[in-house]
Amino acid sequence: MCFNAGLPFFNRYNMKSIIRTTFILLASAALAACGPSYDEIKKQTQAEQQRLAREDSMALKVGVLPTLDCLPIYVAKERQLFDTAKADIRLRTYMSQIDCDEALKRGRIEGNATDIVRGQHMRKKGYDIEYVAATNSYWQLISNRMARIRRINQLSDKMVAMTRYSATDLLADLAVDSARLKPEEVFKVQINDVGIRLHMLLNNEMDAMLLTEPQATTARLYKNPVLMDSRKKDMHFGVIAFNGKVTGDKNRKIQIQTFIDGYNAACDSINKNGLKHYADILKKYYKIDDKTLNALPKMRYEHAKAPRKQDIETADKWLKNK
């Protein structure tokens, strides 16, 4: 009697469970049918990656460093001075000049900010490099105040940080020669990252080094003595170079001219407004504090023009003797 009375209740309970489970399964199937499958999502992702890769390959990519010779490039990009209707110009930031040049040689970028010594060295190695602008780069040989070095002739048995086959390498040799020291008496140490190089000076890990702006300003703020300034040697090595293989292409020519037009407009804007007007850009890309920002020297930027023949000849002569 009890068994027969419980059967209807058992069947009703099972029926509700079956209906509930069926509803859930049908709803899940409906949702699955509405959304993309894993394979579809994967295909969409691959298609998007391919599209972005195509756009990047067609864009004009320019390598830059956190040095003040690159400021017009940053300003042109941040203030939309490049005509985007004519060219998609993208910046690639590097901390090392060698890394930036290596990207140019491998075709990862089409142009970059470098120096004539590096450019002529690349040419000697068979790379087609064309200079589109001379920049206002200068370098100072700055010693560690804790090392008590006040004159270049005190660099005997000391370490000097620089980058091989670059303007800093040439200037280090020039300093050694001017003090009538033997090359083997001064230890040139290759420190490529401009940020690390500065920190090594501030942390008393290097006796002296060649720095450009704004790193040189920070070094001076910490009372580190300036032993030599390339401007007093009438040497101007900063340049913007492009891979010669792309300059002959019609579309690339338009892109490069668009880059130059934006660069020139940025130079005019900086000259008119001053460096502090672009404090946001300097802090964003250079990671400098207000103290360094307020101490930056006045700098004038010229429109893109070819580097001086005498600077190219100086670089070639030095490279020949290396």
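Entry 1, the cavity. I began with the lining of the largest cavity: α7 and β8 each supply at least two of its residues. The model is predicted, so I keep in mind that totals for linings use all residues. How many residues line the largest cavity? I found 15. Of these, Thr67, Gln97, Trp139, Val194 and Thr212 lie nearest its centre. I put its volume at about 200 Å³. I also asked how many cavities of 30 Å³ or more the structure holds. The count is one.

Entry 2, the sheet with β8. I traced an open sheet of five strands and wrote down the order β7-β6-β8-β5-β9. Its pairing is mixed. Which are the edge strands? They are β7 (187–190) and β9 (226–229), each of which pairs on one side only. From one strand to the next, I get an average twist of 25 degrees. Then I turned to helix α7, residues 194–202, which packs on this sheet. I noted that α7 touches β5, β6 (159–162) and β8 (208–211). The direction of α7 makes about 145 degrees with that of β8.

Strand β5, residues 140–143, is joined to β9 by three bridges, and the two run antiparallel. What stands opposite Leu141 in β9? It is Met228.

Five bridges link strand β1, residues 60–64, to β2. Do β1 and β2 run parallel or antiparallel? I recorded parallel. Within β2, Arg92 is the bridge partner of Gly63.

I checked its length first. Helix α10 covers residues 250–273, which is 24 residues, and at 1.5 Å a residue it should span 34 Å. I find its end C-alpha atoms 35 Å apart, so the two values agree. At the start of α10, I found a side-chain oxygen of Asp249 within 3.1 Å of the backbone nitrogen of Asn251. What follows α10? Gly274 does, with a positive phi near 90 degrees.

I went through the loops last. Glu213 and Pro214 are joined by a cis peptide bond, with omega about 5 degrees. Where does Pro214 lie? I placed Pro214 in the loop between β8 and α8 (215–221). I also stopped at Gln80, whose phi is near 55 degrees. That value is positive, and the residue is other than glycine. Gln80 sits in the loop between α3 (71–78) and β2.

Key:
Residues numbered from 1 in each chain as written. Predicted model: local features only at pLDDT ≥ 70, side-chain atom pairs only at ≥ 80, totals over all residues. Heavy atoms only, no water. Pairing = 2+ DSSP bridges. Helix = DSSP H or I, 4+ residues; strand = E, 2+ residues; numbered from the N terminus. Axes fitted to C-alpha atoms, helices over the stretch in contact; angles between N-to-C directions. Contact = heavy atoms within 4.5 Å. Expected span 1.5 Å × (residues − 1). Polar contact = N/O pair within 3.5 Å; in protein donor to acceptor, adjacent residues only side chain to side chain. 1 Å grid on protein atoms, 1.4 Å probe; cavity = no way out; pocket = protein on both sides within 12 Å on 5 of 7 lines; lining within 4 Å. Points joined across faces, edges and corners; volume = space filled by probe spheres on them.
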